[in-house]
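The following paragraphs lead the reader through a structure, one region at a time. Please keep the sequence and the three-dimensional view at hand.

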Amino acid sequence: MLVLSRKAGETIWIGEDIEIIISEVKGEQVKIGISAPRSIDVIRGELRQDVSTSNTEAVLKNIDIFKSKK
Amino acid sequence: MNLKTAYSGEVEIDTAEILKFEHGIPGFESEKEFVILPIEDNEEFTVLQSVQTEALAFIVTNPYNITVNYNIELDEATVHALQIKEQKEVAVFSIVSLKETIAESTINLKAPIIQNTSNNKAKQVILNNEDYSIRHLISSESQKG
């Protein structure tokens, strides 16, 4: 993984059309601005992780619940 | 083609019915192809079966049957990725996490699976809507209805 050091106000470009700006650094929190085409998904990591965990929990283990309804 | 499934034995499927998930789904990024299979004597729930992995299957259902006033707005990233041109091409279903009973089971309203029925491209979309939960209790709706 590429790791870059940046200060508040500095930017990073990814490809031709994604710009990341470090907008504010305050204690443990960093505010990040992202300018990307609307065709690109921007999702918080913990939300994606939660969906991933939920999918893993939802893997079908048996379908007895539907059989017993008969 | 014949497909070995987790719970329906070996079934014959039409390759035209295979849903294509270009990036898989979160947690299963390498699973790019699924098919929807019926459950015997059940209209409400269906099985989403992996084509690649026999043991991998989920229960899915139409979220509009579970929750009243389910409204989602597709963002441009989804419309673009699935090449959606018209609203009538879109099908929506949600993954159900089964518990001991259906009432205790949860449905993922926050991250529905969106399918373009014209080309069968599909994607699990994570909505920005704060009203919808990843683990929405199914019974919380049936009591209302």
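In this predicted model, strands β9(B) and β10(B), the latter spanning residues 121-124 of chain B, run antiparallel and are joined by three bridges. Within this pairing, B:Gln115 has B:Ala122 as its bridge partner in β10(B). The two strands form a hairpin in which four residues lie between β9(B) and β10(B). In the turn, B:Asn120 adopts a positive phi of about 65°.

Strand β9(B) also pairs with β7(B): the two run antiparallel and are joined by four bridges. Here B:Val92 has B:Ile114 in β9(B) as its bridge partner. Are the faces of β9(B) covered or uncovered? Both are covered, with B:Ile113 and B:Gln115 buried on one side, and B:Ile114 and B:Asn116 buried on the other.

In soluble globular proteins, nonpolar side chains tend to be buried together. In this model the largest nonpolar core has 36 residues, and B:Phe58, B:Ile59, B:Val60 and B:Val96 are those with the most contacts inside it. The largest share, four residues, comes from β6(B). The surroundings of B:Val60 can be followed residue by residue. Beyond its neighbours within four places in sequence, B:Val60 is in contact with B:Thr46 and B:Leu48, with B:Phe93, B:Ser94, B:Ile95 and B:Val96, and with B:Ile113.

Chain B as a whole can now be considered. It contains 11 strands and three helices. Read from the N terminus, its elements follow the order β-β-β-β-β-β-α-α-β-β-β-β-β-α. Its radius of gyration is 15 Å, close to the 15 Å given by the globule rule for 145 residues, so chain B is as compact as a globular protein of that length. Along the principal axes, the C-alpha atoms of chain B fill a box of roughly 45 × 40 × 25 Å. Of its 145 residues, 35% count as buried. Among the contacts in chain B with a separation of 6 or more, 50% are accounted for by residues 24 or more positions apart.

Strand β2 (residues 18-26) of chain A pairs with β3(A) in the antiparallel sense over seven bridges, and A:Glu24 stands opposite A:Lys31 in β3(A). The two strands form a hairpin with two residues between them, and A:Gly27 in the turn has a positive phi of about 60°. Strand β3 (residues 29-35) of chain A is hardly covered, since the count of buried residues among its seven residues is zero.

Definitions and conventions: Residues are numbered from 1 along each chain as its sequence is written. Chains are lettered from A and ligands numbered from 1 in the order in which they are written. This is a predicted model: local features need pLDDT of at least 70, side-chain atom pairs count only at pLDDT 80 or more; totals for chains, interfaces and linings use all residues. The radius of gyration is taken over C-alpha atoms; the globule rule is 2.2 Å times the number of residues to the power 0.38. A residue is buried if 20 or more other C-beta atoms lie within 10 Å of its own, exposed if 12 or fewer, and partly exposed in between; C-beta atoms are placed from the backbone. Two residues are in contact if their C-beta atoms, placed from the backbone, lie within 7 Å. Two strands pair if DSSP finds at least two bridges between them. A nonpolar core is a set of buried Ala, Val, Leu, Ile, Met, Phe, Trp, Tyr and Cys residues joined through C-beta atoms within 7 Å.
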